[in-house]
Amino acid sequence: MLDMMINMVAQKVGISPQMAQMAIPLVSKFLLQKSQPNQASGLLSSLPTEITGMFSDSEKKEFTTNQQDMTEDDMINALDSQCGVNDKAKSKQVITEVMGALQQNSGKQGGGDLFGDVLGNLGKSGLNPFG
């Protein structure tokens, strides 16, 4: 499933699969950090295990106990520096596509509502692809 997501994001945005492979956990982490603790707990249980397995137990505990105040610019800058995208518009598109892929591949029927709540909080920044 992760390979499918990587290829889909890479094709839609026009980046290498290697960049997409780095971007998916970064965007996932951003969503979990930005979520309220109860939302993060729900997201962790609905995300594919291939993604949640990338996080340590201490990171998962941090996601479910503390919400971080991160901005769209924080995520774009992280993608630019850590994935080598170096194009803010393309980084924003990567974030949008990864979030869409995560929502489509969430493991629970209720995942859509959970993603909608979390993404609704991001909609003010223009990142919510569904709002």
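Helix axes here are lines fitted to C-alpha atoms over the stretch in contact, and angles run from 0 to 180 degrees between N-to-C directions. Keep that in mind for the third stop.

This is a predicted model: local features need pLDDT of at least 70, side-chain atom pairs count only at pLDDT 80 or more, and totals for chains, interfaces and linings use all residues. Residues are numbered from 1 along each chain as its sequence is written, and side-chain values use heavy atoms, with hydrogens and water left out.

**Stop 1: the whole chain**

Show the protein as a cartoon. It has eight helices and zero strands. Helices (H or I, at least four residues) and strands (E, at least two) are DSSP runs, numbered from the N terminus. Along the sequence the pattern reads α-α-α-α-α-α-α-α.

The accessible surface is about 6400 Å², and 47% of it belongs to carbon and sulfur atoms. Areas come from the Shrake-Rupley method with a 1.4 Å probe; for residues, only the protein chains shown count as cover. Of the 131 residues, 47% count as buried, that is, under 20% relative accessible area.

**Stop 2: the core**

Select Ile15, Leu32, Met75 and Leu79. These have the most contacts inside the largest nonpolar core, which has 36 residues. Such a core is a set of buried Ala, Val, Leu, Ile, Met, Phe, Trp, Tyr and Cys residues joined through side-chain atoms within 4.5 Å. Helices H1 (2-13), H2 (17-34), H3 (37-46), H6 (72-83) and H7 (88-104) each supply at least two residues of this core. H2 gives the most, with nine residues.

Zoom in on Ile15. Leaving out residues up to four places away in sequence, Ile15 touches Val9, Ala10, Ala20, Lys90 and Val94. Contact means heavy atoms within 4.5 Å.

**Stop 3: H6 against H7**

Select both helices. How far apart are the axes of H6 and H7? They lie 9 Å apart, and the helices pack at an angle of about 105°. H6 and H7 are therefore roughly perpendicular to each other, a label for angles of 65 to 115 degrees.

Show side chains. H6 brings Glu72, Met75, Ile76, Asn77, Leu79 and Asp80; H7 brings Lys88, Ser91, Lys92, Val94 and Ile95. By class, the contact has five nonpolar, two polar and four charged residues.

**Stop 4: Ser28**

Go to helix H2 and pick Ser28. Is Ser28 buried or exposed? Ser28 counts as buried because its relative accessibility is 1%. Again leaving out residues up to four places away in sequence, Ser28 touches Ile51, Phe55 and Leu102.

How values were computed:
Buried means under 20% relative accessible area, exposed over 50%, partly exposed in between (1.4 Å probe, protein chains only). Angles under 35 degrees count as roughly parallel, over 145 as roughly antiparallel, 65 to 115 as roughly perpendicular and the rest as oblique. Ala, Val, Leu, Ile, Met, Phe, Trp, Tyr, Cys and Pro count as nonpolar, Asp, Glu, Lys and Arg as charged, and the others, Gly among them, as polar.
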